[in-house]
Amino acid sequence: MKGLVYGGPGIREWKDVPDPVIEQPTDVIVKMTATTICGSDLHVLKGDVPETPVGTVLGHEGVGIVTEIGSEVENIKVGDKLLLSCMTTCGRCANCRKGLLSHCLAPEGAAGDAWAFGHYINGTQAEYCRVPYAETSSYRIPEGVDDRDAILLSDILPTGFEIGVQNGRVKPGDTVAIIGAGPVGLSAVATAGLYGPAKIISVDLDDNRIAEAKKFGATDGVNSGAADVIDQIKALTVDGEGVDVAIEAVGIPPTLQLATEIVRPGGHVANIGVHGKPVEIAMEKLWTKNIDITMGLVNTTTLEMLLNLVAAKKLDVSGFVTHEFAFDEFEKAYEVFADAKNTKALKVYVH
């Protein structure tokens with residue numbers, strides 16, 4: 001078969017690789033019908049994830065049809081179409097029982113780190129994929145859910161929802177600011193609406209991305225390059241004291257600092273962004289504000305619920321896919337996704 005292989009920092013290639021085989025009795029093999037590219041894949045390619053072995057097939061999102069099952073797999077059969085979770089989880093260890101699926105202690109990849117696909121083991125950007133712990137790491141796709149919508153549920157939608165909206169404790173009537181209108185930030189915009197906030201403010205340097213956010217439910221937009229960005233955001237709140245929830249979805253120091261500066265006393269700051277550098281925050285000002293600051297990895301505990309909402313047409317995700325490619329066009333797909341500023345790519349659909 002062919003797969004998109006990490007060849008070391010800056011090197012990727014769509015090439016022949018060995019077909020996956022059943023390695024554990026809880027495995028299944030799927031023929032991939034659709035996948036996509038995530039910012040995490042770009043981090044691997046840059047060499048920012050040194051534990052990823054050279055020769056690993058990239059990707060941790062996708063949809064596939066089961067072609068083979070392990071001897072202990074009871075609830076999945078050959079021919080089932082599955083949505084693959086970005087986290088491979090045993091469902092039995094102490095962390096899984098607590099709901100900390102992202103820190104599954106089973107030894108697939110690395111104990112305590114459930115991001116295995118495209119990180120420690122071969123991933124989803126290939127013609128076939130081995131799925132560990134298949135019964136707790138995949139979901140049957142309901143009738144009527146298109147592959148291009150389903151792939152969004154592997155990672156970005158549950159990430160925006162769990163780590164942004166749920167951790168931020170969004171509630172009816174709140175004013176919510178979401179800093180960053182990339183795919184994960186837009187996922188937070190789309191799913192924040194499930195809790196009935198009064199306002200959702202999209203904050204980004206790119207006016208085009210702010211316009212996209214309004215398609216997903218943002219009521220207002222503020223360009224973060226403005227000198228008075230804090231004043232503009234606070235002016236959109238009921239009493240000018242700040243937002244109830246500030247969700248950071250970029251991953252650089254200035255945006256997390258901005259989130260702490262626009263939240264009202266008693267509010268919540270939820271960090272989704274992947275930070276590669278230390279962030280200095282003004283604790284001498286914040287310690288009296290009674291705010292919560294949260295962060296974390298997605299556990300995908302809401303994946304099935306979100307999938308059901310998409311199937312019932314209660315959550316519209318149709319605008320996320322902006323570009324479409326065949327599997328043998330992976331190189332072009334990466335070029336388009338990596339140059340999102342110019343291509344205006346959100347998510348690419350590779351099938």
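Before I start, the model is predicted, so local features need pLDDT of at least 70 and side-chain atom pairs count only at pLDDT 80 or more, while totals for chains, interfaces and linings use all residues. Residues are numbered from 1 along each chain as its sequence is written, and side-chain values use heavy atoms, with hydrogens and water left out.

I will begin with the sheet. Six strands form an open sheet with parallel pairing, in the order β10-β9-β8-β11-β12-β13. Strands here are DSSP E runs of at least two residues, and helices are H or I runs of at least four, numbered from the N terminus. Two strands pair if DSSP finds at least two bridges between them. At the edges stand β10 (220-223) and β13 (292-295), each with a single partner strand, so one side of each has no neighbour in the sheet. From one strand to the next, the twist averages 20°.

Inside the sheet, β8 (residues 175-179) and β11 (residues 243-248) run parallel and are joined by four bridges. A177 stands opposite A246 in β11.

Now the helices on the sheet. α9 touches β8, β9, β11, β12 (263-271) and β13, and its direction makes about 155° with that of β12. Contact means heavy atoms within 4.5 Å. Angles run from 0 to 180 degrees between N-to-C directions, and axes are lines fitted to C-alpha atoms, for helices over the stretch in contact. Helix α6 (residues 183-192) lies across β8, β9 (199-204) and β11, at about 165° to β8.

Why is α9 largely enclosed? Seven of the ten residues of α9 (residues 253-262) are buried, so the rest of the structure largely encloses this helix. Buried means under 20% relative accessible area, exposed over 50%, and partly exposed in between, with a 1.4 Å probe and protein chains only. The buried residues are P253, T255, L256, L258, A259, T260 and I262.

Next, a helix pair. The axes of α1 (residues 39-46) and α12 (residues 330-338) come within 11 Å and cross at roughly 105°. G39, D41, L42 and L45 in α1 meet Y334, F337 and A338 in α12.

Last, C90, in the loop between β5 (81-84) and α2 (94-97). C90 is buried, with a relative accessible area of 14%. Leaving aside residues up to four places away in sequence, C90 touches C96, C104, A106, Y133 and T136. C90 and E135 are 45 residues apart in sequence and 8.6 Å apart in space, C-alpha to C-alpha.
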